[in-house]
Each structure stands twice: as C-alpha cells, then as structure tokens.
Amino acid sequence: RRYLHDQSRRQRAPAADIGSCFGRNAFLVARRALVYFSSNRSGAYEIWKTALDEPARLLQVTHGGGRGPRESMDGDRLLYTKRTDSALEIWSTGVNGGAETRLLGPIHSRRGWVPDHHGIYFIEPARRIAYYRFATGDITPIAALAKEPGVLNAGLALSPDGRWLLYSQLDRSGSDIMLVE
C-alpha cells in the first residue's frame with residue numbers, strides 16, 4: 001500500500017490512503033496535488049494519474065506503453081520511459097494524454113535521467129552523462145563515468161538551481177559467502 005504523509009499535520013493524510021491503486025514508479029506533483037504512476041491494470045504498463053483528493057478517479061495518460069513518469073519543469077508535458085524492441089527511450093505526451101512523441105534514446109536505465117527547463121540529463125549506455133536540448137534536439141556530452149552506473153539506483157538528481165547533478169556509480173562489487181553449521 002502507498003500513503004502520503006501530510007508534513008503540515010505530522011500525520012498520514014486520510015485522503016491519501018489510496019491502497020494498491022498505484023502501480024509502480026509513482027511520481028508526486030505536490031504543487032498540483034497529483035500523482036502519476038505506471039500500472040498494468042489495462043494489460044500493459046501505461047502511465048496513469050489521479051488527484052490526491054479523488055484517488056479512485058483515474059485517468060490513463062499513455063496508450064502506447066510507459067513507465068517512470070515525470071512532469072516537465074513547466075508542467076505542460078509528461079516525460080516517461082518506454083522500452084522498444086531495441087532500446088529504452090524517453091517519450092513525451094501532454095499531461096492529460098494525447099500524441100506520444102519519442103524524444104531520445106537509447107538511455108541506460110529507467111531512473112537514469114532527469115529533466116530541467118531546457119532539456120534532459122541522461123546516462124547513455126556507453127557510461128556517459130549527456131544532455132538533450134529540447135529546442136534543437138542536440139545531445140551534448142557532459143561527463144564520462146569511470147565505472148558502471150549503480151545497478152540498483154542508476155538515477156540522476158538535479159539540484160533546484162541546476163548547478164549540481166548527482167549520479168551513482170558502482171565502485172566495487174562483491175559478495176560474502178558464509179557457511180553455517
């Protein structure tokens with residue numbers, strides 16, 4: 001089950017006990033009291049949204065598949081990932097649905113991207129962080145990763161002022177084997 005915690009009241013919000021209505025990859029848009037999520041309730045994974053005050057009222061936003069929803073910085077577009085036959089790509093549609101447009105790909109992982117006002121930072125499969133500019137469609141290399149992006153959390157995060165880009169990298173991998181008698 002998923003819940004929202006009302007920080008102003010320091011308690012779980014009653015209207016936000018939305019049970020298992022959410023699928024995976026929920027994304028909260030607090031300024032508009034919305035939640036986007038991906039679910040296979042229609043047979044294939046699609047992006048859905050609901051208002052926090054009406055969690056039972058769902059709107060299917062995509063119809064060609066989608067996961068990992070994120071709203072654009074201006075709130076006009078919904079950005080999300082979609083797996084095609086050959087790669088994982090980033091797509092866009094209106095926040096209430098509509099024509100779905102491929103923006104870029106391939107990318108490294110569902111969490112390996114973050115939008116800003118003018119484009120999208122993303123991790124390419126070749127272990128490089130790059131930037132896609134909405135206005136021109138140009139891709140600019142930003143940084144090469146010395147090692148593989150993190151396996152469990154290959155995500156990117158951008159500071160609110162756009163100055164800092166946080167990424168994870170797998171510096172070492174190993175396991176411990178223990179025999180218990």
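**Notebook: Ile120 and its surroundings**

I began at Ile120, which, leaving out residues up to four places away in sequence, touches Leu79, Ile90, Leu103, Leu104, Trp113, Val114, Pro115, Ala130, Tyr131, Tyr132 and Phe134; contact here means heavy atoms within 4.5 Å. Before going on I noted that this is a predicted model, in which local features need pLDDT of at least 70 and side-chain atom pairs count only at pLDDT 80 or more, while totals for chains, interfaces and linings use all residues. I also noted that residues are numbered from 1 along each chain as its sequence is written, and that side-chain values use heavy atoms, with hydrogens and water left out.

**The whole chain**

I looked up the secondary structure and found zero helices and 16 strands; both are DSSP runs numbered from the N terminus, helices being H or I of at least four residues and strands E of at least two. Of the 181 residues, 41% count as buried, where buried means under 20% relative accessible area, exposed means over 50% and partly exposed lies in between, with a 1.4 Å probe and protein chains only. The protein exposes about 10900 Å², of which carbon and sulfur atoms supply 50%; the areas come from the Shrake-Rupley method with a 1.4 Å probe, and for residues only the protein chains shown count as cover. Among contacts between residues at least 6 apart in sequence, I noted that 28% join residues at least 24 apart.

**Strand S12**

Is Ile120 buried or exposed? Ile120 counts as buried because its relative accessibility is 0%, and I placed this residue in strand S12. Ile123, also in strand S12, is buried too, with a relative accessible area of 0%. The strand as a whole is mostly covered, since I read that six of its six residues are buried. For distances I checked two C-alpha separations: Ile120 and Leu103, 17 residues apart along the chain, are separated by 9.6 Å, and Ile123 and Ile142, 19 residues apart in sequence, are 9.7 Å apart in space.

Which strands pair with S12? Strand S11 (residues 113-115) pairs with S12 in the antiparallel sense over three bridges, pairing being counted if DSSP finds at least two bridges between two strands. Trp113 has Phe122 in S12 as its bridge partner, and S11 and S12 form a hairpin with three residues between them. On S13, I found six bridges to S12, again with the strands running antiparallel, and Gly119 stands opposite Arg133 in S13. The hairpin of S12 and S13 also has three residues between its strands, and there Arg127 takes a positive phi near 60°.

**The nonpolar cores**

I then looked for nonpolar cores, meaning sets of buried Ala, Val, Leu, Ile, Met, Phe, Trp, Tyr and Cys residues joined through side-chain atoms within 4.5 Å. The largest has eleven residues, among them Leu79, Ile90, Trp113, Ile120, Phe122 and Tyr132. Two or more residues each come from strand S9 (88-94), strand S10 (101-104), strand S12 (119-124) and strand S13 (128-133). A second, separate core of eight residues includes Tyr36, Ile47, Tyr80 and Val95. Ile90 is in contact with Tyr80, Thr101, Arg102, Leu103, Leu104, Ile107, Trp113 and Ile120, leaving aside its neighbours within four places in sequence.

**Rings and charges**

How many aromatic pairs does the structure hold? I found two, where rings of Phe, Tyr and Trp (its six-membered ring) pair if their centres lie within 6.5 Å, with planes under 30 degrees apart counted as stacked, over 60 as edge-to-face and the rest as tilted. Tyr121 and Tyr131 form a tilted pair, 4.5 Å centre to centre with 50° between the planes, and the pair links strand S12 to strand S13 across ten residues. Both Tyr121 and Tyr131 are buried. The pair of Tyr132 and Phe134 is edge-to-face because the planes stand at 80°, with ring centres 6.1 Å apart. Tyr132 is buried at 9% relative accessibility, whereas Phe134 is partly exposed at 32%.

I also looked for charges over rings, which requires NZ of Lys or CZ of Arg within 6 Å of the ring centre and within 35 degrees of the ring normal. Arg67 lies over the face of Tyr45, at 3.6 Å from the ring centre, and Lys82 lies over the face of Trp91, also at 3.6 Å.

**A cis bond**

Last, I noted a cis peptide bond joining Gly105 and Pro106, with omega about 5°; Pro106 is found in the loop between S10 and S11.
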